[in-house]
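I open this notebook to record what I looked up in the structure shown below. The entries follow the order in which I took up each topic.

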Amino acid sequence: MKKNKIIKPQTLKGFRDFLPEEAIKRQYLEDKIRRVFELYGYDPLETPALEYLETFKGQIGEGEKLFYKFKDQGDRWVALRYDQTVPVCRVVAQYPDKITLPFKRYQIQLTWRAEKPQKGRYREFFQCDADILGVAGPEADAEVIALSMDIYKYLGFKEVKVSINDRSLFKDIPYSLIVSIDKLKKFGQEKVIKEIIQKGFTEKEAKKYLEKVISLKPNKTLKAIFAYLKAAGFPDSWYQFEPTLVRGFSYSTGPIWEVEIPGFKTGSVLGGERYDKLVGTFSKKDIPGTGFGLGFDRTLEAMEQFGLLPTKKTNTKVLVSIFSPEYFEKSIKLTLLLRKNKINTELYPDPEIRLDKQLKYADKKNIPFVAILGPDEIKNETITLKNLKTSKQQTIFQNKAIRKLTA
RNA sequence: GUGGGUGUAGCUCAGUAGUUAGAGCGCCUGCCUGUGGAGCAGGAAGCCGGGGGUGCAAAUCCCCUCACUCACCCCA
């Protein structure tokens with residue numbers, strides 16, 4: 001038969017499919033992160049993929065040209081979720097009767113940005129946020145910074161490096177310079193001075209501002225944060241004051257921090273800041289907030305690099321093969337029994353396929369065990385359990401097989 | 001938004017104007033009528049990204065276009 005037209009199978013630029021082997025890794029990481037969030041007493045929050053465009057507009061600053069925005073069928077301007085900080089602020093302003101402050105929530109959802117994709121950067125990506133709203137003091141910042149470090153500790157990294165600064169130290173420095181200063185570590189003084197001059201400052205002014213930034217000292221807020229981290233038992237080498245860290249978000253108002261993993265080159269894996277005025281854009285009342293966004297994909301890449309991810313291709317433990325159509329029913333019965341014992345069990349879905357093909361299938365899928373039920377086994381009320389890794393097999397009673405598979 | 005690279009089999013790629021376009025891996029069949037991986041034998045699979053131009057002749061040269069990708073900007 002001839003088909004007229006084949007639709008080209010393709011994904012949009014910057015959007016990805018995750019085949020089982022990769023999806024298993026992603027879910028492993030997501031479960032771990034969720035676990036640490038809950039360990040710290042944070043509850044989940046979910047918000048819609050689409051928001052009114054005006055919810056995001058004017059909040060982000062620099063990045064707004066990257067909104068995925070369009071008119072919906074009702075002629076409303078809408079935007080895909082660009083981050084998770086703005087939505088949580090909207091939620092806190094929208095449900096004052098239902099939300100008890102301080103509000104500690106985590107959020108693991110997709111976000112979309114219409115950037116040109118490249119390595120480690122996509123148009124659709126997972127972000128894992130944790131925030132505290134309703135606490136103005138540095139203890140809240142310290143807690144989410146501690147959480148930032150504990151996640152990576154729990155994931156198995158031997159060491160992280162957190163750079164911490166405070167935006168309020170930059171009161172006397174024009175915003176346009178802040179963006180340039182952020183590049184100091186990457187490009188060095190000379191280039192940054194050049195860039196500042198291009199923005200209309202004299203060389204003298206540029207040098208003056210740079211010196212000022214480099215000689216900044218931790219303020220009271222930062223000292224309180226460092227005291228908290230010390231008390232919480234984190235090694236000194238894991239965190240440090242970094243006067244040149246600024247971050248580009250226009251809503252930053254206080255402490256800011258970034259987490260890097262020594263040896264991982266793609267860049268920072270987590271970034272956080274305080275945003276005391278953001279809820280106020282949705283409400284007459286200002287509610288302070290602080291928290292971070294964890295880059296899921298970068299964290300995953302780092303874990304891959306350090307060998308911290310599971311490598312299995314399937315979650316299935318055993319394939320129940322079918323000896324021939326007349327024994328199909330026996331195989332069904334065995335499958336049910338194994339599943340009842342909480343063993344992930346696949347029954348081969350075609351009774352006509354020869355046994356060698358079924359074994360080949362299990363091998364390709366990396367299923368660790370195959371159960372074989374032929375005339376001999378049925379006569380003796382046993383099953384043959386083959387371990388595909390060791391290639392050894394045993395003909396044993398069912399309950400012994402269950403014990404082996406549960407072990 | 002700016003700049004570079006690449007588009008040939010399902011995948012990774014070779015092939016710079018001259019018969020019918022190749023390799024490795026993967027896939028299918030058999031050797032093997034109660035057993036996967038290895039080996040051997042065979043097989044299927046390509047409008048050489050698309051359009052136009054030059055030539056007797058184009059996967060190969062020229063122009064346009066599209067797609068993907070990397071870097072910059074910015075970010076996670």
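**Entry 1. A helix pair.** I began with two helices and noted that the crossing of H4 and H9 is right-handed. The model I am reading is a predicted one. H4 covers residues 138–155, and H9 covers residues 220–231. I then looked up the geometry of the pair: the two axes come within 9 Å and cross at roughly 45 degrees. H4 is therefore oblique to H9.

**Entry 2. The residues between the two helices.** Which residues of H4 meet H9? I listed Pro138, Glu139, Asp141, Ala142, Ile145 and Ala146 on the side of H4. Their counterparts in H9 are Thr221, Ala224, Ile225, Tyr228 and Leu229. Sorted by class, this contact holds eight nonpolar residues, one polar residue and two charged residues.

**Entry 3. The sheet.** I next traced the strands. Eight of them form an open sheet, and I wrote down their order as E1-E5-E6-E11-E10-E9-E7-E8. The pairing in this sheet is mixed. Which strands stand at the edges? They are E1 (43–44) and E8 (239–241); each has a single partner strand, so one side of each is left without a neighbour in the sheet.

**Entry 4. H4 against the sheet.** I returned to H4 and found that this helix also packs on the sheet. H4 touches E6, E7 (161–166), E9 (255–260), E10 (270–274) and E11. The direction of H4 makes about 15 degrees with that of E11.

**Entry 5. E6 and E11.** I examined the pairing of E6 (residues 124–133) with E11 (residues 289–295). These two strands pair in the antiparallel sense over seven bridges. As a point of reference I noted Asp131, which stands opposite Gly291 in E11.

**Entry 6. The two partners of E7.** How many bridges join E7 to E9? I recorded six, and these strands run antiparallel. Val162 has Val259 in E9 as its bridge partner. E7 is also joined to E8, by three bridges, and here the strands run parallel. In that pairing I noted Ile164, which stands opposite Phe241 in E8.

**Entry 7. The division of the chain.** Last, I looked up the domains. Chain A is divided into domain 1, residues 20–305, and domain 2, residues 318–406.

Key. Residues numbered from 1 in each chain as written. Chains lettered and ligands numbered in written order. Predicted model: local features only at pLDDT ≥ 70, side-chain atom pairs only at ≥ 80, totals over all residues. Pairing = 2+ DSSP bridges. Helix = DSSP H or I, 4+ residues; strand = E, 2+ residues; numbered from the N terminus. Contact = placed C-beta atoms within 7 Å. Axes fitted to C-alpha atoms, helices over the stretch in contact; angles between N-to-C directions. Domains from an automatic or database assignment. Parallel < 35°, antiparallel > 145°, perpendicular 65-115°, else oblique. Left-handed = near helix turned anticlockwise from the far one by under 90°. Nonpolar A, V, L, I, M, F, W, Y, C, P; charged D, E, K, R; others polar.
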